[in-house]
Amino acid sequence: QVQLVESGGGLVQAGGSLRLSCAASGSIFSINAMGWYRQAPGKQRVLVARITSGGSTNYADSVKGRFTISRDNAKNTVYLQMNSLKPEDTAVYYCNAVLRRALSDYTGEYWGQGTQVTVSS
């Protein structure tokens with residue numbers, strides 16, 4: 001079994017900051033990439049930021065310059081530092097990992113349970 005456990009969501013005023021964390025645990029051989037997606041009410045889940053095992057990153061245009069994704073490979077943990085938050089950042093944020101559970105295993109995609117981020121105006 002693989003688990004992704006998120007933490008750090010909450011309520012913040014516009015212009016404020018939050019830091020999300022996501023730790024992957026369980027039967028893990030290697031992690032190719034970890035990332036954050038978000039889903040606002042009535043909208044589709046979309047990519048916010050993603051980081052590979054080598055450290056390459058990509059961000060949604062809407063968060064560039066405000067959000068920073070980082071990763072601790074030794075801890076199988078990914079972080080999302082969110083600054084200058086806006087009301088439109090309000091959503092449920094989901095952690096995502098693309099990983100292999102064993103050397104002989106295929107790469108699979110796993111999701112956390114989601115954490116709510118609410119930005120008040």
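Biologist: How many disulfides does the structure hold?

Modeller: The structure holds one disulfide. This is a predicted model, where local features need pLDDT of at least 70, side-chain atom pairs count only at pLDDT 80 or more, and totals for chains, interfaces and linings use all residues. Residues are numbered from 1 along each chain as its sequence is written, and side-chain values use heavy atoms, with hydrogens and water left out.

Biologist: Why is the link of Cys22 and Cys95 called a disulfide?

Modeller: A disulfide is a pair of cysteine sulfur atoms within 2.5 Å. The sulfur atoms of Cys22 and Cys95 are 2.0 Å apart, so the pair counts as a disulfide.

Biologist: Which parts does the pair tie together?

Modeller: Cys22 lies in strand E3 (residues 18-26) and Cys95 in strand E9 (residues 91-100), so the link joins parts 73 residues apart in sequence. Strands (E, at least two residues) are DSSP runs, numbered from the N terminus.

Biologist: Are Cys22 and Cys95 buried or exposed?

Modeller: Both Cys22 and Cys95 are buried; that means under 20% relative accessible area, with exposed over 50% and partly exposed in between (1.4 Å probe, protein chains only).

Biologist: What makes E1 and E7 edge strands?

Modeller: Four strands form an open antiparallel sheet in the order E1-E3-E8-E7. Strand E1 (2-7) and strand E7 (67-72) each pair on one side only.

Biologist: How do you know that E3 and E8 pair?

Modeller: Two strands pair if DSSP finds at least two bridges between them. E3 and strand E8 (residues 77-82) have six bridges, in the antiparallel sense, so they pair. Leu20 has Leu80 in E8 as its bridge partner.
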